[in-house]
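The following note sets out a number of points for a colleague who has the coordinates to hand. Each point may be checked against the structure shown here.

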Amino acid sequence: MSVMTVSSSRADPRRILKALASQEALLAIAVIGLAIAVGLYNPRFLAARNLSDVLLGNAYIAVAAIGMSMVIISGNIDISVGALIGVLATLSGTLAVKGVPIIVTWLAPLAAGILIMGLQGAVIAYLRIPAIVVTLGMLSILKGGLISVTGGKWITDLPDSFHLADLELLGSVPMPVFLMVAATILAAWWMHDSAPGRAIYAVGGNAEAARLCGISQPRTVVMVFALHGLFAGVAALLYATQLRVIQSTVPPNLELTIITASVVGGVSILGGVGTVIGSTLAAVLIAEIASALVFIDLSPYWIRAVQGMLILATVIADILRRRRMAGA
């Protein structure tokens, strides 16, 4: 048997994509429907400036959710990603202020993200420590280390050339939107058509069957976490370069938002099922909901309750779907 055989038996990406097509369609409909409904209540919601802010301000969350989706599909979880993005953003901004070449300030968070997440993946895979324990420990290390090193000081006087998020491609496409779309398409293609991508589904769907077919679970887990670190680095770069002042703190509840986007996007919390296209659509929907709350005169703090309800509803639906498939 081969990677293809394992995927086709229990975690066939083609079958998974077909099953999740309705999930992605529902998310797209929800994004459009919510915009129309809130726009009827308050036409200012549909203003080009507001819709642009929703996409530009949250593209980094969608990019981070791509890596998180891969991790969850592999049967793991990461709760340190929010702290990592804060650390990488601070690293990038600090280098820029110190006069380091701009290309280095852009690449540094990517390299550091791969290294940190790759090390976490190695600990999880080879020492067989649960991912939630390892990433919880890393969460504390990153949060404490960031405050200890920076003293909580904000990073100011960033050079104009640092602001990658301000650039536009093809005449009018903002860089954050371009990177969000490009990353989603490339990741979806890689997960669907490459042997390493299919191995992620195989390991998350049935680790023992994957092992018997010659797939190395430890190497796959390390690879997934390293890729997650790459996407976290890109997310941190987009986050940092859209700001004029970088706070040397961890963005509050960021990891919850990223995990919510992955789960609501159709990624099964039990592993083996999901697509990155769904997570990107879910990230856009969550950002849209947060903006909509303001335009319908509700406290934006309700977004946390909404995220919790979305997670519960999606997980319950996934469990019921798995039970139906098991009994079929």
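Predicted model: local features only at pLDDT ≥ 70, side-chain atom pairs only at ≥ 80, totals over all residues.

1. Of its members, Leu127 sits in the loop between helix H5 (102-126) and H6. Its relative accessibility is 57%, so Leu127 counts as exposed, the cut-off being over 50%.

2. Backbone at Arg128. The loop between H5 and H6 also holds Arg128. The phi angle of Arg128 is near 55°, which is a positive value in a residue other than glycine. With a relative accessibility of 75%, Arg128 is classed as exposed.

3. Backbone at Asp157. A positive phi occurs at Asp157 too, at about 55°, although this residue is not a glycine. Asp157 belongs to the loop between H6 and S1. Its relative accessible area of 69% makes Asp157 exposed.

4. Salt bridges overall. How many salt bridges does a search of the whole structure find? The search returns three, and they are taken in turn in the next points.

5. Arg49 and Asp53. These two residues form a salt bridge in which the closest N and O atoms are 3.5 Å apart; the pair qualifies because the limit is 4 Å. Arg49 and Asp53 are four residues apart in helix H3 (residues 48-73), and this places them about one helical turn from each other. In an α-helix there are 3.6 residues a turn, so residues three or four places apart point the same way. Arg49 is exposed, at 63% relative accessible area, whereas Asp53 is partly exposed, at 39%.

6. Glu208 and Arg211. A second salt bridge joins the side chains of Glu208 and Arg211, with an N to O distance of 2.6 Å. Both residues lie in helix H9 (residues 207-212), where they are three residues apart, or about one turn of the helix. Glu208 is partly exposed, with a relative accessible area of 43%.

7. Asp166 and Arg244. The side chains of Asp166 and Arg244 also meet in a salt bridge, at 2.7 Å from N to O. This pair links distant parts of the chain, the two residues being 78 residues apart. Asp166 is in the loop between helix H6 (131-150) and strand S1 (168-169), and Arg244 is in the loop between helix H10 (217-241) and helix H11 (254-264). Both ends are partly exposed: the relative accessible area is 42% for Asp166 and 48% for Arg244.

8. Helix H7. Does the length of this helix agree or disagree with its residue count? At 1.5 Å a residue, the 19 residues of H7 (residues 175-193) should span 27 Å, and the end C-alpha atoms are 26 Å apart, which agrees. The buried residues in H7 are Met175, Pro176, Val177, Met180, Ala183, Thr184, Ala187, Ala188 and Met191.

9. Largest pocket. The volume of the largest pocket is about 490 Å³. Its lining comprises 24 residues, with Gly57, Asn58, Tyr60, Ile61 and Arg304 nearest the centre. At least two lining residues come from each of H3, H11, helix H12 (276-295) and helix H13 (302-327). Which element gives the largest share of this lining? That element is H3, which supplies seven residues.

10. Largest cavity. The count of cavities of 30 Å³ or more is one, and the largest cavity holds about 40 Å³ of space. It is lined by Val54, Leu55, Asn58, Ala59, Ala62, Met180, Ala283, Val284 and Ala287. H3 and H12 are the elements that contribute two or more residues to this lining, and H3 gives the most, with five.

11. Asn42. This residue lies in the loop between helix H2 (13-41) and H3. Asn42 is buried, its relative accessible area being 10%. From Asn42 to Leu158 the C-alpha to C-alpha distance is 37 Å, and the two residues are 116 residues apart in sequence.

How values were computed. Residues numbered from 1 in each chain as written. Heavy atoms only, no water. Expected span 1.5 Å × (residues − 1). Buried < 20%, exposed > 50% of the residue type's maximum accessible area, 1.4 Å probe, protein only. 1 Å grid on protein atoms, 1.4 Å probe; cavity = no way out; pocket = protein on both sides within 12 Å on 5 of 7 lines; lining within 4 Å. Points joined across faces, edges and corners; volume = space filled by probe spheres on them.
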